[in-house]
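Here is a set of questions and answers on one protein chain. Please look at the sequence and the structure first.

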Amino acid sequence: MTSSKGKEQAAAGNAIESRYSGEVQKKLARANRRVSKAIQASARNNARVVFVVMADGSISDIQLAESSGSAELDQFALTLVRKQAPFPPIPSETGKSSWVFKARIGPF
């Protein structure tokens with residue numbers, strides 16, 4: 001039988017994780033609005049970027065997971081994520097020392 005305290009802690013942990021993930025996505029979404037119309041026009045779809053946020057908010061292992069069909073947008077996407085760093089530090093309550101994020105960058 002699990003205690004309600006354990007369930008409350010799990011729910012609180014999930015809320016913290018969800019809120020943190022939302023903060024990272026929101027920061028990228030705001031920056032994503034800076035994609036120029038010229039760059040957007042050359043792309044067939046969004047660029048997908050995968051990166052790791054470290055405990056202190058810095059990033060590592062950034063890479064293009066899926067090309068947009070436009071070398072210019074692909075490069076812009078990688079640069080955009082790099083420029084958004086550092087992200088907020090990962091809350092210690094999550095127990096994570098790093099966190100993998102996937103982001104779609106582009107007009108679609």
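Questions on the predicted model

Q: Is Ala71 buried or exposed?
A: Buried means under 20% relative accessible area, exposed over 50% and partly exposed in between, with a 1.4 Å probe and protein chains only. Ala71 has a relative accessible area of 64%, so by this definition Ala71 is exposed.

The model is predicted, so local features need pLDDT of at least 70 and side-chain atom pairs count only at pLDDT 80 or more, while totals for chains, interfaces and linings use all residues. Residues are numbered from 1 along each chain as its sequence is written, and side-chain values use heavy atoms, with hydrogens and water left out.

Q: In which helix is the place of Ala71?
A: Helices (H or I, at least four residues) and strands (E, at least two) are DSSP runs, numbered from the N terminus. By that numbering, Ala71 belongs to helix H3.

Q: Is Asn32 buried or exposed?
A: Asn32 is part of helix H1, residues 4–32. Its relative accessible area is 17%, so Asn32 is buried.

Q: With which residues is Asn32 in contact, leaving aside its neighbours within four places in sequence?
A: Contact means heavy atoms within 4.5 Å. With those neighbours set aside, Asn32 is in contact with Leu80, Arg104, Ile105 and Gly106.

Q: In what order do the three strands form the open sheet?
A: Two strands pair if DSSP finds at least two bridges between them. Strand S1 (residues 47–54) and strand S2 (residues 59–66) run antiparallel and are joined by five bridges. S2 and S3 stand at the edges with a single partner strand each, so one side of each has no neighbour in the sheet. The order is S2-S1-S3.

Q: What is the bridge partner of Val53 in S2?
A: Val49 is bridged to Leu64 of S2. For Val53, the partner in S2 is Ile59.

Q: Which residue takes a positive phi in the hairpin of S1 and S2?
A: This hairpin has four residues between the strands. The positive phi, near 95°, belongs to Gly57.

Q: What angle does the direction of H3 make with that of S2?
A: Axes are lines fitted to C-alpha atoms, for helices over the stretch in contact, and angles run from 0 to 180 degrees between N-to-C directions. H3 packs on the sheet and touches S1, S2 and S3. Its angle with S2 is about 155°.

Q: How many residues apart in sequence are the parts that Phe51 and Phe87 tie together?
A: Rings of Phe, Tyr and Trp (its six-membered ring) pair if their centres lie within 6.5 Å; planes under 30 degrees apart count as stacked, over 60 as edge-to-face and the rest as tilted. Phe51 and Phe87 are stacked, at 5.7 Å centre to centre with 20° between the planes. Phe51 lies in strand S1 and Phe87 in the loop between helix H3 (71–84) and strand S3 (98–105), so the pair ties together parts that are apart by 36 residues.

Q: Which lysine lies over the face of Trp99?
A: A charge sits over a ring if NZ of Lys or CZ of Arg is within 6 Å of the ring centre and within 35 degrees of the ring normal. Over Trp99, at 3.9 Å from the ring centre, lies Lys96.
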